[in-house]
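Subject: Structure for your files

Hello,

Here is the structure we spoke about.

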Amino acid sequence: MTLKKYLKIGIISSIVLSIILLISFILMDLAVNKMKRTLVEQNEITKIVLGLEEMLDNVTTEATLYTYTGNTTHLQNYENIVAADLFDQASQRFTELEVPNEISNYLNDISITSKSALDQHALAFELVQEDLQGAQQILLNTSYKNTLNEVYKQFDDFQLEIDTWITDFSNETQKDAFIAIIIMVIASVLFITLVIALLLSMN
């Protein structure tokens, strides 16, 4: 094979390997950016979940304190928390972050069940000024306790699904990054090998 043919093959091979190398760099950049975005979104989702859990705890606490003390400060705190409607905010943000529907449905279930608890709170609040003990009994009855237990059980299931989804998504992102690295390494090795082979063939 003549030197001219060697050079022609070498040039074509170099172009092909350069394209592969460029593509691998692009894939690597995309994978890294995806990993960064994933970490940011995971942190935000975690904060949302923790915020919802804190909200549930605070609503229950303020409702209990109001029915036991009659102090309207607790009623105001309660109303402010409910008015914030964190469930709706979380649902909208989950949609923007493309959280799977099966996970968002858990959020809807919690919201529906928690509204049952809010209804029982409302009944208790109506009695606070006239019958404080009667108000307390509403929050001590089995129906209310069952509702709360159901809310927290749904929330535990929700957290488990969120954690599983985040883990799976992270593993998938890391896999994409690993594949990009492998392609880049192989392309680099082939490119260097080709250059060495061409240099040797010219001697």
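Predicted model: local features only at pLDDT ≥ 70, side-chain atom pairs only at ≥ 80, totals over all residues.

Residues are numbered from 1 along each chain as its sequence is written, and side-chain values use heavy atoms, with hydrogens and water left out.

Helix packing

Helices here are DSSP runs (H or I, at least four residues), numbered from the N terminus. Axes are lines fitted to C-alpha atoms over the stretch in contact, and angles run from 0 to 180 degrees between N-to-C directions.

Helix α4 (residues 101-128) and helix α5 (residues 132-140) have axes that come within 7 Å and cross at roughly 170°. That makes α4 roughly antiparallel to α5 (angles over 145 degrees count as such). Their crossing is left-handed, meaning that the near helix is turned anticlockwise from the far one by less than a right angle. In α4, Gln 120, His 121, Leu 123, Ala 124, Leu 127 and Val 128 meet Leu 132, Gly 134, Ala 135, Ile 138 and Leu 139 of α5 (contact means heavy atoms within 4.5 Å). By class, this contact has eight nonpolar, three polar and no charged residues. Ala, Val, Leu, Ile, Met, Phe, Trp, Tyr, Cys and Pro count as nonpolar, Asp, Glu, Lys and Arg as charged, and the others, Gly among them, as polar.

The axes of α2 and α4 come within 13 Å and cross at roughly 155°, so these two helices are also roughly antiparallel to each other. The crossing of α2 and α4 is left-handed. Leu 75, Tyr 78 and Val 82 of α2 meet Leu 118, His 121 and Phe 125 of α4; the contact holds five nonpolar residues, one polar and no charged.

α3 packs on α4 at about 170°, with the axes 10 Å apart, which makes α3 roughly antiparallel to α4.

Largest pocket

The volume of the largest pocket is about 230 Å³. A pocket is an open set of points on a 1 Å grid over the protein atoms alone, where a 1.4 Å probe fits, with protein on both sides within 12 Å along at least five of seven lines; lining residues have an atom within 4 Å of a point. The volume is the space filled by probe spheres set on the points, which are joined across faces, edges and corners. Of its 17 lining residues, Met 55, Val 82, Phe 87, Ser 114 and Leu 118 lie nearest the centre. The largest share of the lining, six residues, comes from α4.

Regards

Methods: Parallel < 35°, antiparallel > 145°, perpendicular 65-115°, else oblique.
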